[in-house]
Amino acid sequence: MPETEIAIGDSNARNPMLPIARFYAKEMRQVARKSVLRLSPHIKREICKACASPLVPGVSCSTRVKGHKKGRRVVTTCVYCGYQRRLIVDPHKELFVDKDIHGIIH
C-alpha cells in the first residue's frame, strides 16, 4: 500500500517508531515529576502536551506565527491530536535556563 493512501489518523502506519517515542516521552515526564525535577523548557516544547508525540516541524506538527507586532505568538499544532501550543514571541525575554549566571556566586 503506498503512503499516499494511508489515512491521517493512522499515525502508526506512517511512523512505526511513534509508539516507542510516546512511551519514552511519558516516562521522562513521570520520572521528572516523581523525582521533583523540572524538565528544560527546550525539551518540553519538543513534546506534545496532550499525546506525548515528538514535535518535528513539517513532519508531526505545523508552526505558524500569528498576531501583530505587539502581541505575536508562535502557534504549534500537533498533527496527530490537534493540540495547539501558543508561545509569546518577545525578543527581549530570555529563559532562566539560558541566562549566563556562571560568573555570579550565590
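Search the whole structure for aromatic pairs and you'll find one. The rings of Phe23 and Tyr24 have centres 5.1 Å apart and planes at 70°, so this pair counts as edge-to-face. Keep in mind that you're looking at a predicted model. Here's a quick tour, starting with those rings and then moving on to the sheet and the chain as a whole.

- A pair of aromatic rings is described by two things: the distance of the centres and the angle of the planes.
- For Phe23 and Tyr24, the angle of 70° is what makes the pair edge-to-face, because that label goes to planes over 60 degrees apart.
- Are these two residues buried or exposed? Phe23 is partly exposed, with a relative accessible area of 46%, while Tyr24 is exposed, at 53%.

- Three strands make up an open sheet, ordered E1-E2-E3, with antiparallel pairing.
- Which strands stand at the edges? They're E1 (61-66) and E3 (84-88), and each has a single partner strand, so one side of each is left without a neighbour in the sheet.
- On average, neighbouring strands here are turned by 20° against each other, ignoring direction.
- In general, strands of a sheet pair through backbone hydrogen bonds, either parallel or antiparallel.

**Strands E2 and E3 up close**

- Strand E2 covers residues 73-78 and is joined to E3 by five bridges, with the two running antiparallel.
- If you want to trace the pairing, Thr76 stands opposite Arg85 in E3, and Thr77 stands opposite Gln84 in E3.
- E2 and E3 form a hairpin with five residues between the strands, and in this hairpin Gly82 takes a positive phi near 85°.

**The whole chain**

- Stepping back, the protein chain has three helices and three strands, and along the sequence they follow the pattern α-α-α-β-β-β.
- How much of the chain is buried? Buried residues make up 18% of its 106 residues.
- The chain's accessible surface comes to about 8,700 Å², and 57% of that belongs to carbon and sulfur atoms.
- Take the contacts with a separation of 6 or more: residues 24 or more positions apart account for 33% of them.

Notes. Residues numbered from 1 in each chain as written. Predicted model: local features only at pLDDT ≥ 70, side-chain atom pairs only at ≥ 80, totals over all residues. Heavy atoms only, no water. Helix = DSSP H or I, 4+ residues; strand = E, 2+ residues; numbered from the N terminus. Buried < 20%, exposed > 50% of the residue type's maximum accessible area, 1.4 Å probe, protein only. Contact = heavy atoms within 4.5 Å. Areas by Shrake-Rupley, 256 points an atom, 1.4 Å probe, with all protein chains shown as cover. Phe/Tyr/Trp six-rings, centres within 6.5 Å; stacked < 30°, edge-to-face > 60°. Pairing = 2+ DSSP bridges. Axes fitted to C-alpha atoms, helices over the stretch in contact; angles between N-to-C directions.
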